[in-house]
Amino acid sequence: MSEHPIHIIGGGLAGSEAAWQAAQAGVPVVLHEMRPVRGTDAHKTDGLAELVCSNSFRSDDAENNAVGLLHAEMRLAGSLIMSAGDANQVPAGGALAVDRDGFSEAVTKKLEAHPLITIQREEVPGLPPADWDQAIIATGPLTAPSLAQSIAEATGADALAFFDAIAPIIHFDTIDMNTCWFQSRYDKVGPGGTGKDYINCPMDKEQYLAFVQALIDGQKTEFKQWEGTPYFDGCLPIEIMAERGIETLRYGPMKPMGLTNAHNPTVKAYAVVQLRQDNALGTLYNMVGFQTKLKHAEQVRIFRTIPGLENADFARLGGLHRNTYINSPTLLDASLQLRSRLGLRFAGQITGCEGYVESAAIGLLAGRFAAAERLGDAPSLPPLTTAFGALLNHITGGHIVSDDEPGKRSFQPMNVNFGLFPPVEAVKIEGKRLRGKDKTVAKRHAITSRALRDCRQWLGLPAPTETAEAAE
């Protein structure tokens, strides 16, 4: 056992999971949580792993849903967050929802009782001191201003974002390419580009006018009181632009100039929605300029009226909210370690992941990586084919740099989804290629079975027997 502790700042889901994983590996941990010494605008208690929004961990279906798969991998890895969630489950259909007070109490008691974990109730106002040679910052979207300022000073002024302006992201294989076409505006070939770097969705005048009106009339979410209204011209919600005049979008993100419909070259589109490749795998495309405060159901309804997106499957929907996070792909190495300061890792939402489970999963990995280094071993990275590896890769390097919009952040937080996984080969049954819904289901089953197999191998666990596999 190592005598030198790992210091973890932040007792949310990520920090709690990181502390548990490191301690379970035989390494002492000091977990620093500023509540109740200093509260936040969103937390109501001083309990560790307090759920400040929903009480749902979303789908628990490990065969058909990416977050359900992440649940399963975390259980295999001995996750504290998942065991506490399972023990405090409340009815929620196919989702895992928890009694929020019982859940937080279970996590707090487990950490307090662990012989290798010390909990210190104090604010850490700046970066960890140099003698904390192994440390993890897991302070989440409500990072205290003084610590956020220290992080910004250490990483650069453009490395830390305080508000998230996110456009919807679509699975490429659900875009109708019989309607849409590949082309960059004016066939421009940028660095690393081909002149066909965007997918274009055309609209005629009638479709455009109806679309603008739908944006204006659509139901919007409101900012929480503590968020304020952080609009600025670089990321105005699409519906706010629509309200500024009927032609605003045609001279903004939906301008048709420099584009020729490959399917109908003689007819000029009145407006065009452009999609840009969002990840290195080419499985995800984002809607350029479509950050929005529309409610999620409204986004799906309205954006599926765009020609070519009638059957779009959204990997994530748009939003604009308070979310302190770093530009992880440029700052962190593959083991979540700050490139400019070895031994200092980041975990949870501050790294650029979304969701309770994703935050806890990144905390799990950070705790394991730090513990391995403390014990003199190199961190063992999860395979890209696992949910752990796919999410980690998105955070540390799976994004696409935007060459044609210099100065804009190309990295955006995201939930785990099947678009982050390497594609599987075409699935056949009895020698026949599947199509439509059957093809989608078969692909997901192939991805999840591959992921669980590879996760077990990474963790050094034996392959399950048929009986155990059925139980899972």
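## Basis and confidence

Residues are numbered from 1 along each chain as its sequence is written, and side-chain values use heavy atoms, with hydrogens and water left out. Because the model is predicted, local features need pLDDT of at least 70 and side-chain atom pairs count only at pLDDT 80 or more, while totals for chains, interfaces and linings use all residues.

The mean pLDDT (the predictor's confidence in each residue, from 0 to 100) of the protein is 86, and 85% of its residues reach 70 or more. Helices and strands are DSSP runs numbered from the N terminus (helices H or I, at least four residues; strands E, at least two). Confidence is highest in helix α1 (residues 13-24), at a mean of 98, and lowest in helix α13 (residues 466-471), at 52.

pLDDT stays under 50 over residues 225-234, for which the model has 20 contacts (heavy atoms within 4.5 Å) beyond four places in sequence. Residues 403-408 also stay under 50, with 5 contacts beyond four places in sequence. Where pLDDT is low, the predicted coordinates should not be read in detail.

## Parallel sheet

Five strands form an open sheet with parallel pairing, in the order β6-β2-β1-β7-β16; two strands pair if DSSP finds at least two bridges between them. The edge strands, β6 (117-121) and β16 (344-346), each pair on one side only. From one strand to the next, the twist averages 20 degrees.

Within this sheet, β1 (residues 6-9) and β2 (residues 29-33) are joined by 4 bridges. Ile-6 has Val-29 in β2 as its bridge partner. Helix α10 (residues 356-374) lies across β1, β7 (135-137) and β16, and runs at about 165 degrees to β16. Axes are lines fitted to C-alpha atoms, for helices over the stretch in contact, and angles run from 0 to 180 degrees between N-to-C directions.

## Antiparallel sheet

An open sheet of 3 strands has antiparallel pairing and the order β3-β5-β4. β3 (56-59) and β4 (89-90) are at the edges with a single partner strand each, so one side of each has no neighbour in the sheet.

β4 and β5 (residues 95-98) are joined by 2 bridges. Val-90 has Ala-97 in β5 as its bridge partner.

## Helix pair α2 and α11

Helices α2 (residues 66-76) and α11 (residues 387-396) pack at about 110 degrees, their axes 9 Å apart. The two are therefore roughly perpendicular (65 to 115 degrees).

Leu-69, Leu-70, Glu-73 and Met-74 in α2 meet Ala-387, Phe-388 and Leu-391 in α11. These residues divide into 6 nonpolar, no polar and 1 charged. Ala, Val, Leu, Ile, Met, Phe, Trp, Tyr, Cys and Pro count as nonpolar, Asp, Glu, Lys and Arg as charged, and the others, Gly among them, as polar.

Technical notes: Angles under 35 degrees count as roughly parallel, over 145 as roughly antiparallel, 65 to 115 as roughly perpendicular and the rest as oblique.
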